[in-house]
Amino acid sequence: MTQPPDRPDAARPPDSGLERLVAERRAKAAAFRARGIEPFPREFPGRVSIASVRAASEALGSGEESDTVVRVAGRLTARRGQGKVAFLDLEDRDGRIQLWASLERLGGETMDLLLTLDLGDLLGVEGRVARTKRGELSVVVSRAELLAKSLRPPPDKHAGLRDPETRYRQRYLDLMSNEDARGAFIVRARTITAVRGFLDQRGFIEVETPCLQPIYGGAAARPFVTHHNQLDRDLYLRIAPELYLKRCIVGGLEKVYELGKDFRNEGVSYKHNPEFTMVETYEAFVDYREVARMLEQMVAYAAVQATGSARVEWKEHVIDFTPPWRRMDLRTAISEATGIDVRIHTDADPLRAVMRAAGYDAPESATWAKLLDGLLTQALEPTLLQPTILMDFPLDLSPFAKRTPGDPGTVERFEAFAGGMEIANAFTELNDPDDQLERFEMQQRDRAAGDDETQPMDEDFLVALEHGMPPTGGLGLGIDRLVMLLTGATSIREVVLFPAMRT
């Protein structure tokens, strides 16, 4: 068989001798085969996790050996000793345990196998559990089997994998060498499970809506465009599932959610990735105040299920997700943070002038609504470290929210913040089809004026509303940002397994 060419390894400099190391490991794999040892066997039945072995063996005293025989498997991360006795560290997803190997118990062939293995090889062993006289819990190896020969050396155990580019591009190396990285994605998985469980317990049903959409909508963002060859038409990766989920409410499903991927063709930052995970919920017969109460409870529940506590450390702060969260009126909060009263400066040019005078970025082309949003982003959002809900937004910023009674320029919308970033957005949903048509027409004027983030008219959605949609509260919660807060991550790339990267 022809040996495959060596591939570049960003984890090591070009002059590291990687080619020689790979050749040595391939030679070992060939030598194992020559001895009748398959370097890549099919299975290792009966394996239990290292964490479960540790939990079941806590009571063992120093020098004691259990009567229970266990089978554990994982990656070889360290080895000490040669000859008649050797100690090896075996690591799986849930923990690490020492292997105690002796020539007397194993015989020459198996002992030689263990001493020949390289760090990074995958190994399965069988044996009784003991605690050494020094107090180290160990598996006393009676049988051992190579489960996969690692043809490339792992990252250096002590130096670790520090280069962010390598960590994100070759996430498998990050997970292999960084226990904290594995832990972050375990927290992510638990968070998603908890959110689903919370909603299921409240009577929501999970539905699936199209990721490929003929008309994108539900948010202000630029879409990714693709082409369907058989249908001979362009389609869009969804920027949000909102309009389809509200069609489900029209159809009588009453309480629905979708937890999945959205896609927005926009910039990348510490809190933005073009592909991200959201949960959107829609519940008939409630307004945004009830949605706010549900959000507080859901996030606190997810925090406890994923981390053990509703209080989590983030940077130098402790964020407490325990309900109730602080609530503030949006425009009052902006005024307190900036000294600029947007109730007085109700046109774009005056607001732009006072923003510039105060040192804020205020583009010439920005509408009044976008200028207000800029004040929120630049001055207020970074200060909202503890969970905070900003209530009641201007209509111009919220094309799908219901107007506030007695204040036609304001809508029933809130955004939730924590750690200085937005984590959730919610409306009392607009269910008047004529009002919705007016909002669409307003957006089309913005679109004609050059706003390429404005969604196109969705006439079928209007037809759906004309069949009658009950009063509804809707919510979008960013899973990635929530996981950032629960794990102490300061970049979304830390909690997305394979983030978008420049070439």
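How many salt bridges does a search of the whole structure find? The count comes to 40. Before I go on, keep in mind that this is a predicted model.

Okay, let me pick out a few of those pairs. Lys28 and Asp118 meet through their side chains in a salt bridge, 2.7 Å from N to O. Lys28 sits in helix H1, residues 18-34, while Asp118 is in the loop between helix H4 (108-116) and strand S4 (122-131), so this pair ties together parts that are 90 residues apart in sequence. As for accessibility, Lys28 is partly exposed, with a relative accessible area of 26%, and Asp118 is buried, at 14%.

Next pair: Glu494 with Arg167. Here the closest N and O atoms are 2.9 Å apart. Glu494 is in the segment after helix H15 (479-487) and Arg167 is in helix H5, residues 164-169, so the parts tied together are 327 residues apart in sequence. Is Arg167 buried or exposed? Arg167 counts as buried, because its relative accessibility is 10% and the cut-off for buried is under 20%.

Glu415 forms a salt bridge with Arg413, with 2.6 Å between the closest N and O atoms. Both Glu415 and Arg413 are buried.

Right, on to helix packing. The axes of H11 (residues 348-357) and H12 (residues 368-380) come within 9 Å and cross at roughly 25°. That angle falls under 35 degrees, so H11 and H12 are roughly parallel to each other. The crossing is left-handed. Which residues make the contact? From H11 you have Ala348, Leu351, Arg352 and Met355, and from H12 there's Trp368, Leu371, Leu372, Leu375 and Gln378. Sort the residues of that contact by type and you get seven nonpolar, one polar and one charged.

You'll find Leu253 in the loop between helix H8 (242-250) and strand S10 (255-263). Its relative accessibility is 41%, so Leu253 counts as partly exposed. Leaving out residues up to four places away in sequence, Leu253 touches Ile205, Val207 and Cys248. Leu212, on the other hand, is 41 residues from Leu253 along the chain, and their C-alpha atoms are separated by 22 Å.

Conventions: Residues are numbered from 1 along each chain as its sequence is written. This is a predicted model: local features need pLDDT of at least 70, side-chain atom pairs count only at pLDDT 80 or more; totals for chains, interfaces and linings use all residues. Side-chain values use heavy atoms; hydrogens and water are left out. Axes are lines fitted to C-alpha atoms, for helices over the stretch in contact, and angles run from 0 to 180 degrees between N-to-C directions. Helices (H or I, at least four residues) and strands (E, at least two) are DSSP runs, numbered from the N terminus. Angles under 35 degrees count as roughly parallel, over 145 as roughly antiparallel, 65 to 115 as roughly perpendicular and the rest as oblique. A crossing is left-handed if the near helix is turned anticlockwise from the far one by less than a right angle, and right-handed if clockwise. Contact means heavy atoms within 4.5 Å. Ala, Val, Leu, Ile, Met, Phe, Trp, Tyr, Cys and Pro count as nonpolar, Asp, Glu, Lys and Arg as charged, and the others, Gly among them, as polar. Buried means under 20% relative accessible area, exposed over 50%, partly exposed in between (1.4 Å probe, protein chains only). A salt bridge is a side-chain nitrogen of Lys or Arg within 4 Å of a carboxyl oxygen of Asp or Glu.
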